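Here are my notes on the model, in the order I'd go through it on screen. Have the viewer open as you read.

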Amino acid sequence: MVAAKMEHYQFMKIAGDVDVTWCSHEAMRFAKNMGFDDNAVWSIGIAVSELVSNVLKFAGHGGLTVRRILTPKIGLELVVEDDGPGIDDPQAAVVDGYSEGMYLSDQDPVVPRRGLGSGLGAARRLLAEIIIELRPQGGTKIVGHKWLNNDNPFS
């Protein structure tokens, strides 16, 4: 029996709504091939779905790179990049209820395509960490990690 060759990384363009499903599916397949258990695979899929949805909502297009990393631990790295307007307050953006530069309340009017302000917070909880970087040329870069063989299902 010949072992399947493992890719070290995969890049996917983000350009339309179908890419939310495509990127999520491909990241899950990549994670499964790395040996992540089903709970971790689904956590990665949901986190990717949230991150890619944000790219479409706020920037219109971008890219996702999924890669296997060996240091500081063995794991999976997600890098989502776009050329959108950026995130005004990256620390606030990972707090549930914060969307489009403000905290949402029950009194806010319903606005088409506005989220609930929980996407980045969900990604932060589902992955071991996320790092939000504002790119000097404009746009946002978000790096997330999920470690292999960790006792904590949310890291």
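Before the points, one term: two residues are in contact when they have heavy atoms within 4.5 Å of each other. Keep in mind, too, that this is a predicted model.

1. Start with the overall layout. The protein chain has four helices and seven strands. Reading from the N terminus, the order is β-α-α-β-β-α-β-β-α-β-β. Of the 155 residues in the protein chain, 45% are buried. As for contacts with a separation of 6 or more, 58% of them link residues 24 or more positions apart.

2. Next, the helix pair. Helix α1 covers residues 18-34 and helix α2 covers residues 38-58; the two pack at an angle of about 150°, and their axes are 8 Å apart. That angle is over 145 degrees, so the helices count as roughly antiparallel. The crossing of α1 past α2 is right-handed. On the α1 side, the contact is made by Asp19, Val20, Cys23, Ser24, Ala27, Met28, Ala31 and Lys32. On the α2 side, the contributors include Val41, Trp42, Ile44, Gly45, Val48, Ser49 and Val52. By type, the residues of this contact split into 11 nonpolar, four polar and three charged.

3. Which residues does Ser24 touch in that helix pair? Serine 24 lies in helix α1. Apart from neighbours within four places in sequence, serine 24 is in contact with Asp19, Gly45, Val48 and Ser49. Serine 24 has a relative accessible area of 11%, so it counts as buried.

4. Now the core. The largest nonpolar core has 34 residues, and those with the most contacts inside it are Ile14, Phe36, Ile44, Val48, Leu64, Val66 and Leu76. At least two residues each come from β1 (9-14), α1, α2, β2 (62-69), β3 (75-82), α4 (119-126) and β6 (129-134). Helix α2 supplies the largest share of this core, with nine residues. As background, nonpolar side chains tend to be buried together in soluble globular proteins.

5. Leaving out neighbours within four places in sequence, valine 66 is in contact with His8, Tyr9, Gln10, Met12, Ala27, Phe30, Leu76, Glu77 and Leu78. Threonine 65 is in strand β2, and its relative accessibility of 12% makes it buried. With residues up to four places away in sequence not counted, threonine 65 touches Tyr9, Gln10, Phe11, Glu77, Leu78 and Val79. Threonine 65 and glutamate 81 are 16 residues apart in sequence, and their C-alpha atoms are 8.7 Å apart.

6. Please check the peptide bond between threonine 71 and proline 72: it is cis, with omega about 5°. Proline 72 sits in the loop between β2 and β3. For context, most peptide bonds are trans.

7. Is glycine 138 buried or partly exposed? Glycine 138 is in the loop between β6 and β7 (140-147). The relative accessible area of glycine 138 is 25%, so it is partly exposed. Not counting residues up to four places away in sequence, glycine 138 touches Asp82, Asp83 and Gly84. Glycine 86 is 52 residues from glycine 138 along the chain, and their C-alpha atoms are separated by 6.6 Å.

8. Last, back to helix α2 for alanine 40. Alanine 40 is buried, with a relative accessible area of 9%. Alanine 40 and asparagine 149 are 109 residues apart along the chain, and their C-alpha atoms are separated by 9.8 Å.

Key. Residues numbered from 1 in each chain as written. Predicted model: local features only at pLDDT ≥ 70, side-chain atom pairs only at ≥ 80, totals over all residues. Heavy atoms only, no water. Axes fitted to C-alpha atoms, helices over the stretch in contact; angles between N-to-C directions. Parallel < 35°, antiparallel > 145°, perpendicular 65-115°, else oblique. Left-handed = near helix turned anticlockwise from the far one by under 90°. Nonpolar A, V, L, I, M, F, W, Y, C, P; charged D, E, K, R; others polar. Core = buried A, V, L, I, M, F, W, Y, C linked by side-chain atoms within 4.5 Å. Buried < 20%, exposed > 50% of the residue type's maximum accessible area, 1.4 Å probe, protein only.
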